[in-house]
Amino acid sequence: HLAGGRSGAANERLFRFHFPESPGALQRFLEALNMKWNISLFHYRNYGDDFGRVLVGIQQNHGKECEGMNRFLQDLGYHYIEETENPAYAKFLRTKSSE
């Protein structure tokens, strides 16, 4: 279950990742992350597969125009889908004032 309530974090982007179930996968993600960005949401689930499902909110200084995010996603090499524009994200995870 996801706990913690709604987010009003400015310039937040939401991603679904498949993290490999291998030693160092989380460390690799954290070390590749730009230190100017903030992890505003992190939710991990594993169903016994060879990968874990991870929902991550990342706050950037300049919203979608943040330099380096596309490079980070490419270099990381983990399968991902951006969910920032997903209506369920807006309805269930964002505050009304953050829209």
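Two strands are taken to pair if DSSP finds at least two bridges between them, and strands (E, at least two residues) and helices (H or I, at least four) are DSSP runs numbered from the N terminus. The structure is a predicted model, in which local features need pLDDT of at least 70, side-chain atom pairs count only at pLDDT 80 or more, and totals for chains, interfaces and linings use all residues. Residues are numbered from 1 along each chain as its sequence is written, and side-chain values use heavy atoms, with hydrogens and water left out.

On this basis, E1 and strand E3 (residues 51–59) run antiparallel and are joined by nine bridges. Pro20 stands opposite Phe51 in E3. Both strands belong to an open sheet of four strands, ordered E2-E3-E1-E4 with antiparallel pairing. Strands E2 (38–45) and E4 (80–82) each have a single partner strand and stand at the edges, so one side of each lacks a neighbour in the sheet. From one strand to the next, the twist averages 20°; axes here are lines fitted to C-alpha atoms, for helices over the stretch in contact, and angles run from 0 to 180 degrees between N-to-C directions.

Helix H1 (residues 25–32) lies across E1, E2 and E3 at about 145° to E1. Helix H2 (residues 69–76) also packs on the sheet, touching E1, E3 and E4 (contact means heavy atoms within 4.5 Å), and its direction makes about 10° with that of E1.

Within strand E1 (residues 12–20) is Glu12. Its relative accessibility is 8%, so Glu12 counts as buried (under 20% relative accessible area, with a 1.4 Å probe and protein chains only).

Terms used
Buried means under 20% relative accessible area, exposed over 50%, partly exposed in between (1.4 Å probe, protein chains only).
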